Structure formats: C-alpha cells, structure tokens
Amino acid sequence: MANLISERYPMLKFLFLFILLVNIGNGGPSDSSTVIVKKNQISKLRLGVVAAGTVGFGILTYDYFNRVWWKPTKVKKFIWRDDWNDVLKADKAGHLYASYVLSNVYKSIFKWVGFSGKTASLFGAGISTLYEVGVVELTDGFTTQWGFSPTDVISNMIGAFFPVAQEYFPGLQAVTFKFSYTPSGYTWLDYLRVGSLKDALYKKQFHTDYNGMTFWMSFEFQRLLPEQVEKFIPDFLNLAVGYAVRNINYSGGGYTELYIAIDYNLLKVDTKIDVLNRIIYTLNYIHFPAPTLRIKPKLKFYYLYF
C-alpha cells in the first residue's frame, strides 16, 4: 500500500535498538553449521527472556501503530488494495528489507538460545511473518486508509524467509540486504553537521522521504574469484547493487536509479574488543558511504555515495 512501509519506518528505531541489544547480549553472529542440537544445549532461561521480550516488543509497536494509523480509519469490512506500482516499488523493497532484518535478528536470538542455525532461521521467519503479515497486514485490511496488499505480503515473505534459504543454500550467505538514507536535497556530508542533519530529518520526515532512500544487495564477490586473486582482496570489502527512486509521487511518476558500489562487510571486522565488535555487527544492516557508480539512468561516478 502507498506509504505503508514509509509511514512505518518509526518502527525501525525500535528494531535497530533491539538489534543492538541482541548483539551485545549474544556475542554477534555465530556458526550455523551445527544442525542437531541436544535438548540440554537449549537455555530455558534465555528462551523465557526472548518470549517476554517478543511479547513486550509486539505490544509496544502494536499500540503505537493502532493509535497513529489504524484506529482513526478502522472499519468492519475487509478491504483489498493493489499498490504494486506505487512509488515505483520502493515500498516493496522497504517491506522486504524490514522483514529480512526482523527475521535475521530473531535467527541470531534463537541461536543464542541454543537452537541450530536451520531451526533458528525457521523460528525467525515465523515471527517475522506473524508480525509483518499476521498482525500488520491483516490489521491494515480493516482500515480505509491502508487496505490489505497481496504484494506487500509477498515482499514480506521473501524478506522473512531469505535467512532460511541461506541456511539450506550456503552460497546465499554471501548476500546481505542493506539500507542507506540521505535526506533528499541534502548530501551525506550533512551527517557531519549535526544541526543541519537534525533540521533535514525534521523537515523531510525520513520515514516518508522515498527520494532519499537506497536499498542495497551486498555480495561477498571474493567467493567468485580464483584463489590466486582472492587472497589480495580484503575480506571485508563487498560489492553492492543499489536501487533508488527519484522525483516520485503517488500516481506512478518519477524514475528509478541503479548503482554498483563498494560495500563493507562489518562481520569480518575484529577490533579485539568484544562489546565493540557486537556494536559493529549491528551496523552491518546499513550501507555506509563508499565509491559508487550509477548505471541508470545514465553513468555517473560518486567518490562517496550514501
């Protein structure tokens, strides 16, 4: 639905705080190669903490969404709405990204509890789907402003189950979805000027500023290179493909841009300081400024693009 993910980006503030707390608590990414987990490896205490935290997170965000969007336009009739072409599909990229992050975070949480990588990924996908589809999308269906969007559901499902696919097809572990944002009309350098950035975020309301968003698919391209070449390339350097929209409106106007950029795989960084490593791992869902080549609509090179 038009504006849905953009209107809901305030949830990402909760989500990124949640990710940070998880990584600090469980030590960041862990090896998912162990498939069979004995019962005594699963911590009931940790499972209880996860259950309580999940319920609290769900209640907090549901209450917020209900007060802000659902309650004012709630109806008894279920409404279907096809918004596939709204904002040139940037909305769908947002749904995929948000569901992927939520699923992947819960995958890490359940591995921390003691489950195998495959089992943890299925639990993570289940919770992401339950929340994004079973709660958010279905509730949208009973509002006149949003409506139930089948294409939102598809995007959510792809994002939620991608971490599962990574467990069953290890080659996909070379892929990470990321996000970057610079207020439209500004440059990434404004992040170095706090007053200017704060003003930009307030004016643009970044959760509705599609023109400033870029969604990325990052690849560990070294895996494709011959061993003789691979050893000369730092393992923290990735290549990423970016998708963005510009000059959009809600009537199909605007145009898309495609990018190829250097990306940083922060999971490969080791500072030797445990807590700092965990914080850095959290930031791996963000694409940071890097040399970038725009390939659509016309070629343009950026020394640094965010």
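## About the model

This is a predicted model, in which local features need pLDDT of at least 70 and side-chain atom pairs count only at pLDDT 80 or more, while totals for chains, interfaces and linings use all residues. Residues are numbered from 1 along each chain as its sequence is written, and side-chain values use heavy atoms, with hydrogens and water left out.

## The sheet

Six strands make up an open sheet, ordered 1-2-3-4-5-6, with antiparallel pairing. Strands here are DSSP runs of E with at least two residues, and helices are runs of H or I with at least four, numbered from the N terminus; two strands pair if DSSP finds at least two bridges between them. At the edges lie strand 1 (175-181) and strand 6 (300-305), each pairing on one side only. From one strand to the next, the twist averages 25 degrees.

Helix 4 (residues 90-113) packs on this sheet and touches strand 1, strand 2 (213-219) and strand 3 (237-246), where contact means heavy atoms within 4.5 Å. The direction of helix 4 makes about 120 degrees with that of strand 1. For such angles, axes are lines fitted to C-alpha atoms (for helices, over the stretch in contact), and values run from 0 to 180 degrees between N-to-C directions.

Back to the opening pair: strand 4 (residues 255-264) and strand 5 (residues 290-296) run antiparallel and are joined by four bridges.

## Salt bridges

Side chains of opposite charge can pair when their charged atoms come close. A salt bridge here is a side-chain nitrogen of Lys or Arg within 4 Å of a carboxyl oxygen of Asp or Glu, and the count comes to eleven. One network of salt bridges links Asp83, Asp91, Lys92 and Asp152.

Asp63 forms a salt bridge with Arg67, with the closest N and O atoms 3.1 Å apart. These two residues are separated by about one helical turn because they sit four residues apart in helix 3 (residues 44-70). Asp63 is partly exposed at 39% relative accessibility; buried means under 20% relative accessible area, exposed over 50%, and partly exposed in between (1.4 Å probe, protein chains only).

Glu220 and Arg223 also meet through their side chains, at 3.3 Å from N to O. Glu220 is buried at 14%, whereas Arg223 is partly exposed at 46%. Another salt bridge joins Lys272 and Asp270, at 3.3 Å from N to O. Here Lys272 is exposed, at 70%, and Asp270 is partly exposed, at 46%.
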